[in-house]
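Please open the model in your viewer and keep the selection tool handy.

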Amino acid sequence: MDLHVVLVLLFISSLLVCHNGVEGGTGLSEEEYLELEKQIELLNKPAVKTIHSDYGDIIDCVDFYKQPAFDHPLLKNHTFHYKMKPTSSTWKARDEVALNGTKPTGTAGLRGGGCPLGTVPIRRVTMEDLIREKLASKTISSEENRPGTHYAVIRTRVTRKKFNGAGALITLYRPHVNGGQYSAARVKIQNGLDSIESGWRVDPSLYGDGRTRGYIHFNAGQTHCFNTRCPGFVIVRPDIQLDAYFDPVSIPGIDPITTPVYIIRDKPSGNWWVILREENVAVGFWPKRIFTRLGDLANYVEWGGETFSPPGTVAPPMGTGFFPIRPFISLNAYFKRVVVRNEYGQTVDVDNTEKFADNNKLYGVADKGDQGDYFGRVFLYGGPGGKT
């Protein structure tokens, strides 16, 4: 065994002992480490400019057509054409989106106006990130509804209705989680095994910290991952970081801080866009061609909270960490202005939904219906977690 391998194994051992994002890891073999080296070379593209954030992230400004999305076999050598198109406050999105920089919005805005024209910001993946995720994957399955996952959501009932999009404004909180756990709030759209979602999550295994960060996730055939960890999602904004952290976050009883999250299908192209941040910015899209079932419309939508804790451990808090029974809306975690876009492309209030919480002793959900122009359709969710 040469000196390089010895140093690598010592590095991995130190992570197992010291890193608070992973607990109970069993270590990696030399072959696994070499595979991670190959993976990091594929994920981290040559940077035109590098930005060091105030909270420790390294952001690489990558040429638009060299971003990880275009490693997808169905997107290789494919060209998307863009022209100037203003962002709409009614969460409309078209494939003609400007690549020029605009004023940063919220915490996700990058210092100095973001990346240069023709490039997009991508958080650099470190070897520590991949080792932490690899070790977590040894005890955590990537499948949905795996043991240890809990939900408190509003969801559409099984009908023949189809959807071109959905969204809401989501209150931002920072529930405390331990290594291996996560707590999230998100909007999810699905058809068959194809699904896409976006929102916020506190996830030390994914991010290496306990901050509240934005995220996207998708399943398309055999491809599924968070953010840009695998090819598929095309970023178009040079000034918005997908997985930036939110600061400040809400404090129960004080006017809550919300963030808009909308997922919408562009009817002419069939591409699925993510609309985020205070000014409803079209950040990027999943091309229609990478999907099978979501190459058409969605037939299921879900809004709400999700947590995970490894089997045998205590489930983490969701939302505020309190059940949604407190007397004022501002004391609860909630989704407001909950809407869908129907099969004709019209934005309408969602109806024919049902509440679902898989364990009412841990988490709850309360549907408050239409609360007027400011709140629109509202539902509350959350809970303290605890022993299952």
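Predicted model: local features only at pLDDT ≥ 70, side-chain atom pairs only at ≥ 80, totals over all residues.

Residues are numbered from 1 along each chain as its sequence is written, and side-chain values use heavy atoms, with hydrogens and water left out.

**Stop 1: Ala69.** Select Ala69, in the loop between strand E2 (58-63) and strand E3 (119-123); strands here are DSSP runs of at least two residues, numbered from the N terminus. Is Ala69 buried or exposed? Ala69 is buried, at a relative accessible area of 2% (buried means under 20%, with a 1.4 Å probe and protein chains only). Now show its contacts (heavy atoms within 4.5 Å): leaving aside residues up to four places away in sequence, Ala69 touches Leu75, Pro231, Gly232, Phe233 and Val234.

**Stop 2: the largest cavity.** A cavity is a set of points on a 1 Å grid over the protein atoms alone where a 1.4 Å probe fits but cannot get out; lining residues have an atom within 4 Å of a point. The largest cavity has a volume of about 120 Å³. Select Ile122, Arg123, Asn227, Thr228 and Asp243, the closest to its centre of the 13 lining residues. E3 gives the most to this lining, three residues.

**Stop 3: the second largest cavity.** This cavity holds about 60 Å³ of space. Select Thr259, Pro260 and Val261, which are among its lining residues. Strand E11 (258-265) is one of the strands that supply at least two lining residues here, and E11 gives the most, with three.

Key. Helix = DSSP H or I, 4+ residues; strand = E, 2+ residues; numbered from the N terminus. Buried < 20%, exposed > 50% of the residue type's maximum accessible area, 1.4 Å probe, protein only. 1 Å grid on protein atoms, 1.4 Å probe; cavity = no way out; pocket = protein on both sides within 12 Å on 5 of 7 lines; lining within 4 Å. Points joined across faces, edges and corners; volume = space filled by probe spheres on them.
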